[in-house]
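Please examine the structure shown below before reading on.

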Amino acid sequence: MINVGERIEELLRLNHIPKKDLMEALGISRQGLHHKMKTNTFKSEELQELADFFKIDLQEFLKFGEPEKEESKIDYMFKKLLDEFKVS
């Protein structure tokens, strides 16, 4: 079973996002987020909100650790870079 708290920490670190930004986006207190991350008690709607926050689909959010193939890691990193440089 995936540890959502660890996944959140990983994505925050990889994307250089302060935890405060996540708390504000979800409308949750620091204590509330800490409790959910520690106890791994996220509802399915909250999992989707987290995936949306990180701009990835839910399936990708639920993957934890390194991708199985090096190519998929490169594809993922390239996609993230493209998303950052999109012109609105």
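E10 counts as buried, because its relative accessibility is 12%, where buried means under 20% relative accessible area, exposed over 50% and partly exposed in between, found with a 1.4 Å probe on protein chains only. This is a predicted model, in which local features need pLDDT of at least 70 and side-chain atom pairs count only at pLDDT 80 or more, whereas totals for chains, interfaces and linings use all residues. Residues are numbered from 1 along each chain as its sequence is written, and side-chain values use heavy atoms, with hydrogens and water left out.

The side chain of E10 meets that of R7 in a salt bridge, with N and O 2.4 Å apart; the term denotes a side-chain nitrogen of Lys or Arg within 4 Å of a carboxyl oxygen of Asp or Glu. Side chains of opposite charge can pair when their charged atoms come close. R7 is also buried, at 4% relative accessibility. Both residues belong to helix α1 (residues 4-14), and because they are 3 residues apart, about one helical turn separates them. Helices here are DSSP runs of H or I with at least four residues, and strands are runs of E with at least two, numbered from the N terminus.

In the whole structure, 5 salt bridges are found. The table lists some of them.

| Pair | Closest N and O atoms |
|---|---|
| E9 and K19 | 2.7 Å |
| E60 and K63 | 3.6 Å |

E9 is partly exposed, with a relative accessible area of 36%, and K19 is partly exposed at 33%. In the pair of E60 and K63, E60 is partly exposed at 22% relative accessibility, and K63 is partly exposed with a relative accessible area of 47%.

K19 also takes part in a contact between helices. K19, L22 and M23 of α2 meet R30, L33 and M37 of α3, contact meaning heavy atoms within 4.5 Å. The residues of this contact comprise 4 nonpolar, no polar and 2 charged; Ala, Val, Leu, Ile, Met, Phe, Trp, Tyr, Cys and Pro count as nonpolar, Asp, Glu, Lys and Arg as charged, and the others, Gly among them, as polar.

The axes of α2 (residues 19-26) and α3 (residues 30-39) come within 10 Å and cross at roughly 100 degrees. The two helices are therefore roughly perpendicular, a class that covers 65 to 115 degrees, while angles under 35 are roughly parallel, over 145 roughly antiparallel and the rest oblique. Axes are lines fitted to C-alpha atoms, for helices over the stretch in contact, with angles from 0 to 180 degrees between N-to-C directions.
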